[in-house]
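The model is a predicted one.

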Amino acid sequence: PPASQNNEQGSTLRDLLTTTAGKLRLGSTDAGIAFAPVYSTGTASGKSGRTMPNILDDIIASVVENKIPPNRAPKINVKSEIKDEPKDDKKSIQDDCSKRYSDIQYSWICDKHVLWLRDHKNSNNWKLFKECWKQGRPVLVSGMHKKMNFSLWKAESISLDFGNQQADILNCKDSIISNTNVKEFWDGFEDVSKRQKIKNGETALLKLKDWPSGEDFKAMMPARYEDLLKSLPLPEYCSPEGKLNLASHLPGFFVRPDLGPRLCSAYGVAATKDHDIGTTNLHIEVSDVVNILVYVGIAKGNGVLSKSGVLKKLEEEDLDDLLRKRLKDSSELPGALWHIYAGKDADKIREFLQKIAKEQGLEVLPEHDPIRDQSWYVNKKLRQRLFEEYGVKTCTVIQFLGDAIILPAGALHQV
């Protein structure tokens, strides 16, 4: 039946399959399968007929035979038709890649956890990306700004075109959100003297909160929207029309995540006294994310660190040797500092943050989730404790102008 007639539509594939399997087990003639059936013809054991594809058969059979309740994830062993499945061992994966993808300029950074694709123009990048993506690892692609119309993304250009708009502005220090004129934010973007002051006279660290976003972005900034779309890395995966962009092709009855695009703009921490705060606290995205650094402003005014001071601060981080080398390259412009964690470490990090909250005398409610609440920026001291007490290592990445960072859904990160 059409999806609109199915009263038991699943919000996830697991829900959908378990709902369907339950009906099949009860002998219902109307299983309410939300996918259009795909059949293969042929003979099996001398009998002719039509059968559902093997993979879907295996999934439904596993759910039915094991009578797995809908609230528990089934452990299904589906035989893959894909050959040359990547091995778990990092070294063997890297050795294999070096032989198979010798035509691609790439490196491994962050203790071999992040793939860095150095030539954004290489049309074969997606092949190596696919191998890395199977492992759920982040990917960095550099040089995207070379494909873009740089003048569109300058702070003064955006302020000139949209300064009269109203938007939510977040004070990152105390998490206070106010609705104000966009021009005020952009006026202080590169001039510290024009920034708001907080109670003790300290310069405010402000962030334009996802302005604009989604359809608003496309309607408000059509030229910038088109410039962004034509400049996306790995278009097979990242473009809305990409053949491997699964989220863009989800059936209508699924609740789709907000696929953006959205513009994230924030002042640099370098102009504040407290360098233990971030413009984006630790959190998880529900969909895969590509984040491109399209512009880096150079702030001027009293109290701002010089370029050499900023570089010195960054060098204090636990950086990969290749990132340290990039820092010394005068043609590279660093703009953002990322700390990334694998999704498998989420429970350990959640437990650690609740422990720290209790140490600080904060009330921790049973239902409180410090990651979902986005209430923590894990500073250097806490990152060290997280490693020593829970064995969770931080992946530190510096994002330079034109870098695209691609994160798998479920990866924790702060900026």
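## Sheet and aromatic contacts

Strand S8 (residues 206-208) pairs with S9 in the antiparallel sense, over two bridges. Leu 208 has Ser 265 of S9 as its bridge partner. These strands belong to an open sheet of four, ordered S7-S6-S8-S9, with antiparallel pairing. Its edges are strand S7 (176-181) and strand S9 (265-266), and each of them pairs on one side only.

Now the rings. Over the whole structure, a search finds 14 aromatic pairs. One of them joins Phe 129 to Tyr 237, edge-to-face. The ring centres are 4.8 Å apart, with 65 degrees between the planes. Phe 129 and Tyr 237 are both buried.

Another edge-to-face pair is formed by Phe 352 and Tyr 390. This pair, too, links distant parts of the chain. Phe 352 sits in helix H12 (residues 346-359), Tyr 390 in helix H13 (residues 380-390), and 38 residues separate them. Phe 352 is buried, and Tyr 390 is buried as well.

A pair of aromatic rings is described by the distance of the centres and the angle of the planes. The table sets out both values for the two pairs.

| Pair | Centre to centre | Angle between planes |
|---|---|---|
| Phe 129 and Tyr 237 | 4.8 Å | 65 degrees |
| Phe 352 and Tyr 390 | 5.7 Å | 75 degrees |

Why do both count as edge-to-face? Because angles over 60 degrees fall in that class, and the planes of Phe 129 and Tyr 237 are at 65 degrees, those of Phe 352 and Tyr 390 at 75 degrees.

Ring pairs also build a cluster. Its members are Phe 150, Phe 185, Trp 186, Phe 189, Tyr 267 and Tyr 295. Tyr 267 has a charged neighbour too: the charged end of Arg 195 sits over its ring, 4.0 Å from the centre.

Which residues of H4 are buried? They are Asn 125, Leu 128, Phe 129, Glu 131, Cys 132 and Trp 133. After H4 comes Gly 136, with a positive phi near 70 degrees.

How values were computed: Residues are numbered from 1 along each chain as its sequence is written. This is a predicted model: local features need pLDDT of at least 70, side-chain atom pairs count only at pLDDT 80 or more; totals for chains, interfaces and linings use all residues. Side-chain values use heavy atoms; hydrogens and water are left out. Rings of Phe, Tyr and Trp (its six-membered ring) pair if their centres lie within 6.5 Å; planes under 30 degrees apart count as stacked, over 60 as edge-to-face and the rest as tilted. Buried means under 20% relative accessible area, exposed over 50%, partly exposed in between (1.4 Å probe, protein chains only). A charge sits over a ring if NZ of Lys or CZ of Arg is within 6 Å of the ring centre and within 35 degrees of the ring normal. Two strands pair if DSSP finds at least two bridges between them.
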